Amino acid sequence: MAPHLATSRSTSRGRSSRLQHAAGLVALALAGIATASPASAAPILSPVASTAASPVLSPVVSPTTASVPVMVVLDASGSMNETDAPGPRIDAAKKAVTSLVTSLPAGTSVGLSVYGATTGSGASDKAKGCQDIRTLVPVAPLDRAAITSAVAGVKASGYTPIGNALRAAAQALPKEGPRSIVLVSDGEDTCAPPAPCDVAKDLKKQGVDLTVHTVGFKVDAAARAQLSCVATSTGGTYSDAADATALTKTLETKVDQAITGYSVRGTKITGADQLSEQAPLLAPGQYLDTYAKGGASDNTTGTTKYYTVPLQKSSTLYVSATLVGPPKTAATGVSFSGVKITLRARDNYDCNNTSANTPLTSERHSPTTAVLTVDLGRRGLSDRCPSDGLGIIEIERRGTAWQQQALPMEIVVRIEPPADTSGIAPAFTKPEPGLPQPNFGPETAITAGSSFNDAAALKSGLTYTGTIKSGEDQFFRIPLQWGQRFSYTVDEVDTATASSSSPVYVRTNFYNPMRQEADTTGSSSSQPWFAARDTEPFTGSSNVPVRYTNRTRPGTSSGNYQLDGGYYLRLSADFAPKQASTRYRITAVVSGTPEAGPRYGAADAADLTSTPSASATPTNTPATSGPTSSTSTDDTETVATSQTTGEGGGPSVLTIVLLLVAGLGGAGLAVVVMQARSRRSSSDSAQDQSPQSPQGPQT
C-alpha cells in the first residue's frame, strides 16, 4: 500500500468578514487593470494553460533544492542533417537544448557535450571521427548564455561514437554522489567497440552512482534497442521522440527527472512568517514556496507561513499543499514528512484544518500532500470565521524528514462558485462493483511525467509502454467528466531480462484533481517487479462515478470523486541497493455516459459593493506572476475566460477582483468563472483534455 495520509479536521460556525476587505481588493486590482475577454462559459475559478499567443512562464524549482549534476550529450553526426524533423534534425536538437536552458532553474548543475561535430563521415575520417567528442560547457552552475552560444555553433557532420561519448561524459561529472547523463541520438553507435551498452554496464559495475537517460530521435528498432539497453543498464529511462516538438518536451522531461526526480512547478511566492491580512494573496492558481526546515520531532512544526485567499459566499475553497523531498534519497530509519493547512480568522481562530503525514522508510518515500476543503455556505462554520472577502491560510511543514534541508512546497488554490444542484443524482453511499479489466492492444511508447505537473495523458483504450527505475515515481492523467468512471491495467513486460536479481516492490495510487488520494477497487496494491519473475498485473477501477453530490459524504469511498477533470494515476517503485529499471505497459478506459453537473452561478454581491473608508484598504501583495502550466506531448492547450454575473446581470465584485488580480500577475494566469445559470456543453467538456483545463487546476 502507499504511505497512509493521516488527516484530521476541526470545523466551527462562521460569519462574513468585513466588507472593506473585498472593496480593498478591488482598489488594489484597479491599480493594475488587465482586460479579460469573455469566452465560452466554464464552471470554476481556475488557471488555464497558455497558448502560443499567451506566453508560458518557465518552470521554477526552489533554488535551495538539491540538484543532481547532469551532462547533456548531443548527437551531431552526419545523419542529423536529415530534413525530416521537419527541417534538419540538428536544428530541432539545437532548438530543444536552447529551450531547455531557458526553463532550468538558476543554480542547476549542468553541462553540454557533443559528438560528431568536427569531422567528416567518410571512411578516411573514422579514426578521428570516433574520438570526436567535445565538452562545450563543463558541468557547473547553469550558465544560460554559455550553453546557448555553444549550441548555436554546432554543425552535424561526423560519426556516432556513443560508447566513447558516455565514458567522456562520466569522466566530466563529479566523482562522488548521484550524477546523470541525458543522451540524445538519432541512430546506433557507428564506432563500436566499445558498445554503448557495455560501457553503461561497466560504469555500473564500477559502483559509479550514475544514471543515464536516453532519447531516441526518429530512430529505428536497432537504435532503440541499443539506447534502451544503455538506460536500463544504469537504472535510467528511454523515450522516443518522433518530431521536433516531441524532442523539446522529452528533453526537458528527462533533464528535469535527472536533476530533481520531481518536476516542481508554480509561480514563486514567499509567505509571511506571521499571521496577517497583509500576507501574500493567492488567487486561484498554483504557487511555489520554500520551507526551510522540518520539526524537532515527528509531532512538531518546523517552518510555518501565511497567505491570504479570496473568499466568496456559498462557494467552495480548495487549498492543497505538496511538500517535495530531495531527489534520489532513501530515508535512513523511519521518519515522517508532514503538512498541515489551516483556515484562520484574523484573531487566529482555527476555522478549519487538515493534515497529512507520510512515513518515510529506507524502501520508499513520496511527496506529502494535504488538501483543505471548505464549503463557505455550510452552516457549521463559526461566526468568528470569514465567508467572504479575505481568509488567512496557514501552512506548516511538520515531521523530522530532511529536518535541516530546505524543501519546495507546491500550493494549489481552487474556488468553485455557488452551485445549483437541483436535478443532480444523489451521492453514492457505497462502492460500485469493479469494472472489467481493460485488455492490452497495440503499443505506443510514452514518457511518463515525474510529478502531478507533467503527468502524461492517457487516452481511453490505448496501450502505452514505458520504463521505470527503482526509487522512481511516475504520473499519468485520466480525464473524467461527470458520471464517468475509469479502469486500468498495468503490467511488467520483458521480465526475463529485468535488471535486478531481487524483487523491487511497485505500487499504484490514484488522486483526484486536487491531489487528494481516491479509493479504487483492484486486485493488488503492490507487486514484486524487476526480478525476472512472472507477476500479476495491477488492475483496478474507480469506486464510483464522478458526481458533484459525492462531496456530501466526506470520508466515504465516494467522497473524493466529487470533481470532474483530470485524475492522476501514480506508479511508484521502491528504492533498491543497486538501481535497476524495467519496462511496463499500461492502458486505461474511461466508461459511462456523461451526466448533468451542477449549474454554477454567483453569490449575491450586494454586501460587497459598499465603499469603505480609505484607511480600511488592506495592502495585500498579489503573486507577481501567474501559475505555470505544463503539457504532455498529447495535449492541446486552450485559454478560456468568462464572466460571473450577479443577480442584476453585471459581474460580481469578487469576480472583478479575481480577474484584475490575475491581470496583475501577467499573461501566464487566466482566471475562469461560470456565467450565472449557464452550463458548458458536453462538446466543450469533451475538448477539455489539457492539464490545466477549466475543470480544475490540473497542475
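Predicted model: local features only at pLDDT ≥ 70, side-chain atom pairs only at ≥ 80, totals over all residues.
Let's look at the strand 8 end. Strand 8 and strand 9 (residues 285-291) run in the parallel sense where they pair, with two bridges between them. Here K268 stands opposite L288 of strand 9. As a reminder, strands of a sheet pair through backbone hydrogen bonds, in either a parallel or an antiparallel way.

## From strand 9 to strand 10

Strand 9 also takes part in a side-chain pairing. D289 and K305 form a salt bridge, with an N to O distance of 2.9 Å. Because D289 belongs to strand 9 and K305 to strand 10 (residues 301-311), this pair ties together parts that are 16 residues apart in sequence. Both D289 and K305 are buried.

## Other salt bridges to visit

There are 17 salt bridges in the structure. In general, side chains of opposite charge can pair when their charged atoms come close.

One of these salt bridges joins the side chains of R344 and E394, at 3.2 Å from N to O. R344 is part of strand 12 (residues 335-344) and E394 is part of strand 15 (residues 389-398), so the bridge ties together parts 50 residues apart in sequence. R344 is buried, as is E394. Another salt bridge brings D574 together with R507, whose closest N and O atoms are 2.7 Å apart. This pair links distant parts of the chain, 67 residues apart: D574 is in the loop between strand 27 (565-573) and strand 28 (581-591), while R507 is in strand 23 (residues 504-511). D574 and R507 are both buried.

Salt bridges can also be found in a network, which links D84, R89 and D186.

## Helix 2 against helix 4

Now for a pair of helices. Helix 2 (residues 89-103) and helix 4 (residues 144-152) have axes that come within 10 Å and cross at roughly 175°. The two helices are therefore roughly antiparallel to each other, since angles over 145 degrees count as such.

On the helix 2 side, the contact is made by K94, V97, T98, V101, T102 and S103. Helix 4 contributes R144, I147, T148, V151 and A152. Sorted by class, this contact has five nonpolar, four polar and two charged residues.

Terms used
Residues numbered from 1 in each chain as written. Heavy atoms only, no water. Axes fitted to C-alpha atoms, helices over the stretch in contact; angles between N-to-C directions. Helix = DSSP H or I, 4+ residues; strand = E, 2+ residues; numbered from the N terminus. Parallel < 35°, antiparallel > 145°, perpendicular 65-115°, else oblique. Contact = heavy atoms within 4.5 Å. Nonpolar A, V, L, I, M, F, W, Y, C, P; charged D, E, K, R; others polar. Pairing = 2+ DSSP bridges. Salt bridge = Lys/Arg side-chain N within 4 Å of Asp/Glu carboxyl O. Buried < 20%, exposed > 50% of the residue type's maximum accessible area, 1.4 Å probe, protein only.
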